[in-house]
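Please read this briefing alongside the sequence and the model shown below. The points are grouped by topic.

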Amino acid sequence: MDMKIDKNKTGLTFGFLISFLHLVWSVLVAFGLAQVWLNFVLGIHMVSAPIIVLPFDLITALGLIVVTFVVGYGFGWMMAFFWNKCFK
(Lines give C-alpha, C1' and ligand atoms only; values in the text may rest on other atoms or scores of the structure.)
Protein backbone atom coordinates (compact mmCIF):
# COMPACT_ATOMS: atom_id res chain seq x y z
CA MET A 1 0.00 0.00 0.00
CA ASP A 2 1.50 3.30 -1.13
CA MET A 3 1.21 5.91 1.62
CA LYS A 4 2.93 8.74 -0.28
CA ILE A 5 1.13 12.06 -0.48
CA ASP A 6 1.71 14.72 -3.11
CA LYS A 7 3.69 17.64 -1.65
CA ASN A 8 2.26 20.22 -4.05
CA LYS A 9 -1.38 19.16 -3.54
CA THR A 10 -0.94 19.07 0.22
CA GLY A 11 0.72 22.49 0.17
CA LEU A 12 -2.06 23.93 -1.95
CA THR A 13 -4.71 22.41 0.32
CA PHE A 14 -3.16 23.87 3.47
CA GLY A 15 -2.47 27.18 1.74
CA PHE A 16 -6.04 27.59 0.52
CA LEU A 17 -7.51 26.49 3.85
CA ILE A 18 -5.47 28.91 5.94
CA SER A 19 -5.85 31.81 3.51
CA PHE A 20 -9.62 31.18 3.28
CA LEU A 21 -9.92 31.48 7.06
CA HIS A 22 -8.09 34.79 6.88
CA LEU A 23 -10.32 35.91 4.02
CA VAL A 24 -13.30 35.27 6.32
CA TRP A 25 -11.57 37.29 9.05
CA SER A 26 -10.99 40.15 6.60
CA VAL A 27 -14.67 40.12 5.62
CA LEU A 28 -15.64 40.26 9.31
CA VAL A 29 -13.37 43.29 9.75
CA ALA A 30 -14.80 44.95 6.63
CA PHE A 31 -18.36 44.56 7.89
CA GLY A 32 -17.54 45.68 11.41
CA LEU A 33 -18.25 42.28 12.97
CA ALA A 34 -14.71 41.27 13.93
CA GLN A 35 -14.63 43.04 17.31
CA VAL A 36 -17.90 41.37 18.34
CA TRP A 37 -16.59 37.96 17.29
CA LEU A 38 -13.25 38.52 19.04
CA ASN A 39 -14.98 39.61 22.26
CA PHE A 40 -17.19 36.51 22.10
CA VAL A 41 -14.29 34.10 21.51
CA LEU A 42 -12.18 35.63 24.27
CA GLY A 43 -15.17 35.65 26.62
CA ILE A 44 -15.92 31.95 26.22
CA HIS A 45 -12.25 31.29 27.01
CA MET A 46 -12.62 33.42 30.16
CA VAL A 47 -9.98 35.84 28.87
CA SER A 48 -10.09 39.59 29.04
CA ALA A 49 -7.54 41.40 26.93
CA PRO A 50 -7.64 44.96 25.61
CA ILE A 51 -7.56 44.00 21.92
CA ILE A 52 -9.00 46.49 19.46
CA VAL A 53 -9.68 45.57 15.84
CA LEU A 54 -8.37 48.29 13.53
CA PRO A 55 -10.36 49.70 10.62
CA PHE A 56 -10.42 47.66 7.42
CA ASP A 57 -7.63 48.28 4.90
CA LEU A 58 -7.78 46.44 1.56
CA ILE A 59 -4.00 46.33 1.03
CA THR A 60 -3.41 44.94 4.52
CA ALA A 61 -6.17 42.35 4.03
CA LEU A 62 -4.69 41.20 0.72
CA GLY A 63 -1.25 41.01 2.31
CA LEU A 64 -2.66 38.91 5.15
CA ILE A 65 -4.30 36.49 2.72
CA VAL A 66 -1.20 36.15 0.52
CA VAL A 67 1.19 35.68 3.46
CA THR A 68 -1.02 33.07 5.10
CA PHE A 69 -1.33 31.21 1.80
CA VAL A 70 2.46 31.09 1.44
CA VAL A 71 2.95 29.98 5.06
CA GLY A 72 0.15 27.39 4.74
CA TYR A 73 1.61 26.08 1.50
CA GLY A 74 5.06 25.79 3.09
CA PHE A 75 3.65 23.98 6.12
CA GLY A 76 1.66 21.56 3.95
CA TRP A 77 4.63 20.91 1.68
CA MET A 78 6.92 20.21 4.63
CA MET A 79 4.32 17.98 6.28
CA ALA A 80 4.00 15.91 3.08
CA PHE A 81 7.79 15.80 2.69
CA PHE A 82 8.29 14.41 6.19
CA TRP A 83 5.29 12.08 5.87
CA ASN A 84 6.79 10.61 2.72
CA LYS A 85 10.19 10.22 4.42
CA CYS A 86 8.69 8.43 7.41
CA PHE A 87 6.49 6.08 5.38
CA LYS A 88 8.89 5.09 2.57
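The lining of the largest pocket in this predicted model divides into eight nonpolar residues, two polar ones and one charged residue. The volume of this largest pocket is about 190 Å³, and the elements that contribute two or more residues to its lining are H1 and H3.

**The largest pocket**
- Lining the largest pocket are Trp25, Ser26 and Val29, together with Val53, Leu54, Pro55, Phe56 and Asp57, and also Thr60, Ala61 and Leu64.
- In general terms, rolling a probe the size of a water molecule over the atoms shows where empty space is left.

**Packing of H1 and H3**
- Helix H1, which covers residues 7-30, packs with helix H3, which covers residues 58-86, at an angle of about 150°, and the axes of the two helices lie 6 Å apart.
- Because angles over 145 degrees count as roughly antiparallel, H1 is described as roughly antiparallel to H3.
- The crossing in which H1 passes H3 is right-handed, and the residues of the contact of H1 with H3 comprise 16 nonpolar, 11 polar and one charged.

**Confidence of the prediction**
- The pLDDT of the chain averages 95, and 99% of the residues score at least 70.
- Within the chain, confidence is highest in H1, at 98, and lowest in helix H2 (residues 34-44), where the mean is 95.

Conventions
Residues are numbered from 1 along each chain as its sequence is written. This is a predicted model: local features need pLDDT of at least 70, side-chain atom pairs count only at pLDDT 80 or more; totals for chains, interfaces and linings use all residues. Side-chain values use heavy atoms; hydrogens and water are left out. Axes are lines fitted to C-alpha atoms, for helices over the stretch in contact, and angles run from 0 to 180 degrees between N-to-C directions. Helices (H or I, at least four residues) and strands (E, at least two) are DSSP runs, numbered from the N terminus. Angles under 35 degrees count as roughly parallel, over 145 as roughly antiparallel, 65 to 115 as roughly perpendicular and the rest as oblique. A crossing is left-handed if the near helix is turned anticlockwise from the far one by less than a right angle, and right-handed if clockwise. Ala, Val, Leu, Ile, Met, Phe, Trp, Tyr, Cys and Pro count as nonpolar, Asp, Glu, Lys and Arg as charged, and the others, Gly among them, as polar. On a 1 Å grid over the protein atoms alone, a cavity is a set of points where a 1.4 Å probe fits but cannot get out, and a pocket is an open set with protein on both sides within 12 Å along at least five of seven lines; lining residues have an atom within 4 Å of a point. Grid points are joined across faces, edges and corners, and a volume is the space filled by probe spheres set on the points. pLDDT is the predictor's confidence in each residue, from 0 to 100.
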